[in-house]
Amino acid sequence: MTDDGGTLDRSDGHALVYVEKLSKIYAIKRGLFGRPKLLHALHGVTFYVRRKETLGLVGESGSGKSTLGRCILRLTEPSVGRVVFDDKDVTALGASELRALRQRMQIVFQDPYGSLNPNMTVLQIVGEGIEIWKLVRHKSELADKVVRWLERVGLGAEALGRYPHELSGGERQRVAIARALALRPDFVVLDEPLSALDPSVQAQILNLLDDMQQHLGLTLLFISHDLRAVLHLSHRVGVLYQGRLCELGPSEAVAERRLHPYTRALFGAMPDADGRRRLQLVLEGEAPTVFESGAGCAFFARCPNAEAGRCDRHEPPLEELESGSHHRVACFHPHIEASPDSVVER
Amino acid sequence: MSAEPLLSVRDLTVSFEGEDGRVVAVKGMSFDVPPQRAVAMVGESGSGKSVTAHALLGLLPSPPARIDGGEVRFGGVDLLKLPERKLRPYRGGKIGLVFQDPTAALNPVYSVGAQLSEAIRLHLPLGRRAVRERALGLLHRVGFPEPEARFGDYPHELSGGMCQRAMIAIALAADAELLVADEPTSALDMLAAAQIVALLADLRRERGLSLLFISHDLGLVAAVADDVVVVYAGEVVERGPARVLLEHAQHPYTRALLASVPPLRRERRRRNQPVRRLPVLAGAPPLLTRGDAGCRFAPRCREVVARCREAAPPLYPVGPLEVRCFLREQPRRAALPPEVAP
């Protein structure tokens, strides 16, 4: 890809997925005769995911993170913008071409109860895609293949004949992961894969995803509201607020510097692992539902650093603070001086 | 600790009729909630923490549930002995309840204001106008900036966070002395969860409430609790003051739970924990069938010894903590730092 609209840099040469100025606009009907209002679920989102990289996306409910994952796979049609996967413009593909690409792009959902067919056994669930994509030569090899995938995700052959309701939440999520990985995809979207699970099971699944990413050379997009989990698993993270990327950079850099005031608010709401630090609630209330997209920064109304006359009139671009750092922030007044270590520890 | 606890649970045992016989979900559970203190109950799904909360107020469907023994004393009265009619002033009155999923706990066909007013009328002898005033005041207090304007809103018109605030207002309808919050933040995202926890902490201070906060999130527990009770497979395995317990956990299960939270690089440095991989608590909690010998955590325990499979350990005192583990029978000197050691 060379035509990057001037918004992406040279390091994108190894990118597997480009998302370019992606927007999703919903028309919300108000009453029977009311003029529909436009809800901007995503607003000009641009980023890339490198090959064999895990990119994390974090944000509140309603920030557009799930919509973004679905738009990239075209499970939801984006309104504006492009998604390029391995040099193919996914947004321009016809139904049959898109179908051919599906094997290479998979998704794991939040709720393994809802995403696994209750009437199918584990063998059928994991085997279905393998058969459809003819990844075995004879049907006799199918069960062996499924068992190998079950073993890779930490389940045994005894799970083959079980139905989803006979499995625990963690086991179901392992089945969902095996189903996705059995197709040998290059790219997997993980949409809140941990939220329905207990902390000890979350840790198991995080380790599993980490192993799979490394051993299979997967490219992952990990979507979650759990900042800790996202930082743990991801090489880079993006912070979404009201359908816009407000910060994007290497996980360590984002965690240490927290340039955007909203990123800082998210960290403030994240409890300390051992209770040494009190929660710092800088944000009261909730993100307002933004309809007609205004001119200024989406975070203006809740921002402690907001500058009237500038932040409410101009939308800050997502730019590197220091060129070459790959750490971008969309803010006219990012936190630069104060290091997060100055946060009061009790 | 103050002399007389507000809520005192002693030897509570609850079982359920299952397909393969009775399952003991809560076994000899004892803990106190002193006046104006916040006690957090922590454990995984199936540990019996929700069953305990429901059993306190006679909210378990029977059958299949059966309370096999124990006492639940609130202000000196054993709630388990009260008939349904006499339990009503406690349930939602002196004891307010907040549940995990507010969108399921609220009735979808009544407005938030109507449900709150109903709760007030049920417990307080107030006239129409006074009820409405009280309702508006409560909504304002829990974080509805314009209560008049939102009074007629239906649950589906509110976000999860706002629904949970409405639930808290309903729990406070009749000046509750104790608030039982059962996983009040698990259906919410991180910011909304932190806000709800902060609201509960504020309300507790300003109203002198006691709080029983049930959660699997140790981080949030740290933010809200004075005391922590860790439960595993229906039993208390460790309890004590929150600061000591979270920083110097003694039970292998508590330690495993704490270790399963992915640390930030800064936290790893502080703990001298260089490995990126999360230490994993393998396996699942046991099936709670009657008459298992030995420690219930033994099958998953990294420090298990032969004795753990033969006898069930009692709670041993370790400084200000109590720990259900044979390894803590004679607490090692190094286990707790000098300021908290016995």
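Predicted model: local features only at pLDDT ≥ 70, side-chain atom pairs only at ≥ 80, totals over all residues.
Strand β1 (residues 15-28) and strand β4 (residues 80-85) of chain A run antiparallel, paired over five bridges; pairing requires at least two DSSP bridges between two strands, and strands are DSSP runs of E, at least two residues, while helices are runs of H or I, at least four, numbered from the N terminus. Within this pair, Tyr18(A) sits opposite Val84(A) of β4(A).

β4(A) also pairs with strand β5 (residues 88-89) of chain A, antiparallel, over two bridges. Phe85(A) has Lys88(A) in β5(A) as its bridge partner. The two strands make a hairpin with two residues between them, and Asp86(A) in the turn has a positive phi of about 50 degrees.

A word on conventions. Residues count from 1 along each chain as its sequence is written, and chains are lettered from A and ligands numbered from 1 in the order written. Local features need pLDDT of at least 70 and side-chain atom pairs 80 or more, whereas totals for chains, interfaces and linings use all residues; side-chain values use heavy atoms, without hydrogens and water.

Now the interface. Contact (heavy atoms within 4.5 Å) involves 41 residues from chain B and 46 residues from chain A. Together the chains bury about 4000 Å², 51% of it on carbon and sulfur atoms; buried area is accessible area, 1.4 Å probe, lost on being put together, summed over both parts. Met190(B), Leu191(B) and Arg266(B) supply 18% of chain B's buried area, more than any other three residues.

There is one salt bridge between the chains, meaning a Lys or Arg side-chain nitrogen within 4 Å of an Asp or Glu carboxyl oxygen. Asp211(A) forms a salt bridge with Arg277(B), closest N and O atoms 2.9 Å apart.

Key: Buried area = accessible area lost by both parts, 1.4 Å probe.
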